Amino acid sequence: MMVSESVPTIQVGSFFFLNVYNLIFASPSGISRKTVQMQHRLVIALIIQTSVSLFFFLVPINLIISFVFFHHQNQFHNNLIFFALAIHGIASTLIMVFVHKPYRDFALSPFD
């Protein structure tokens, strides 16, 4: 179980680190200040979106692993864990709509 959880974590972590490094810390080569600001906003939005998704996905998975390891059975905890896994899709969609400005502008345009 540790291998099945650590392999994707290493892949996602290295992808995330390389993206953040290239978008924030690498010296911009001939791009405008507005483009750099847009890249910084994109990185912040992606960090927020990724951290919420990781929270709604990794916490229940780790709880399931620990419950199996300690032979813990509780129907309330099982229902709560699977509810958190089910809400992952809705939460990622809502986070994407509210964090990224183009999606937010389109979603809120009928209320303007």
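Which residues does UniProt list for "transmembrane region" in its unreviewed entry?

**View 1. The predicted chain and the spans annotated in UniProt.** This is a predicted model, and the UniProt record, an unreviewed entry, lists residues 12-31, 43-68 and 80-99 for "transmembrane region". The average pLDDT of the protein chain is 84, and 97% of the residues score at least 70. Among the elements of the chain, the lowest mean pLDDT, 80, belongs to helix 1 (residues 2-25), whereas the highest, 89, belongs to helix 4 (residues 101-108).

**View 2. A nonpolar patch on the surface.** Ile 90, Leu 94, Phe 98, Leu 108 and Phe 111 make up this nonpolar surface patch, and together they have about 540 Å² of accessible area. Helix 3 (residues 75-99) supplies the largest share of the patch, with 3 residues. Phe 98, one of the patch members, is placed in helix 3, and it counts as partly exposed because its relative accessibility is 48%.

**View 3. Aromatic pairs of phenylalanine rings.** The structure holds 3 aromatic pairs, and two of them are described here. In the pair of Phe 55 and Phe 56, the ring centres are 5.7 Å apart and the planes meet at 70°, so the arrangement is edge-to-face. Phe 56 has a relative accessibility of 24% and therefore counts as partly exposed. The pair of Phe 69 and Phe 70 is also edge-to-face, with 5.0 Å from centre to centre and 80° between the planes. Phe 69 is exposed, because its relative accessible area is 62%, and Phe 70 counts as exposed at 62% relative accessibility.

**View 4. His 71 in the loop between helix 2 and helix 3.** His 71 is placed in the loop that lies between helix 2 (33-69) and helix 3. Its phi is near 55°, which is a positive value in a residue other than glycine. As background to this view, most residues other than glycine have a negative phi. The relative accessible area of His 71 is 72%, so this residue is exposed.

**View 5. The salt bridge in helix 4.** The structure holds 1 salt bridge, which Asp 105 forms with Lys 101, and the closest N and O atoms of the two residues are 2.8 Å apart. Asp 105 and Lys 101 are separated by about one helical turn, because they are 4 residues apart in helix 4. Asp 105 counts as partly exposed, with a relative accessibility of 38%, and Lys 101 counts as partly exposed as well, with a relative accessibility of 44%.

**View 6. Phe 17 and Asp 105, from C-alpha to C-alpha.** Phe 17 has its place in helix 1, and at 55% relative accessibility this residue counts as exposed. Between Phe 17 and Asp 105 the separation is 88 residues in sequence and, from C-alpha to C-alpha, 29 Å in space. Asp 105 is the residue that forms a salt bridge with Lys 101.

How values were computed. Residues numbered from 1 in each chain as written. Predicted model: local features only at pLDDT ≥ 70, side-chain atom pairs only at ≥ 80, totals over all residues. Heavy atoms only, no water. Patch = residues over 30% accessible without salt bridge, like charges linked within 9 Å, V, L, I, M, F, W, Y side chains within 5 Å. Areas by Shrake-Rupley, 256 points an atom, 1.4 Å probe, with all protein chains shown as cover. Salt bridge = Lys/Arg side-chain N within 4 Å of Asp/Glu carboxyl O. Helix = DSSP H or I, 4+ residues; strand = E, 2+ residues; numbered from the N terminus. Buried < 20%, exposed > 50% of the residue type's maximum accessible area, 1.4 Å probe, protein only. Phe/Tyr/Trp six-rings, centres within 6.5 Å; stacked < 30°, edge-to-face > 60°. UniProt positions renumbered as here; feature names shortened; annotations may be inferred. pLDDT = per-residue confidence, 0-100.
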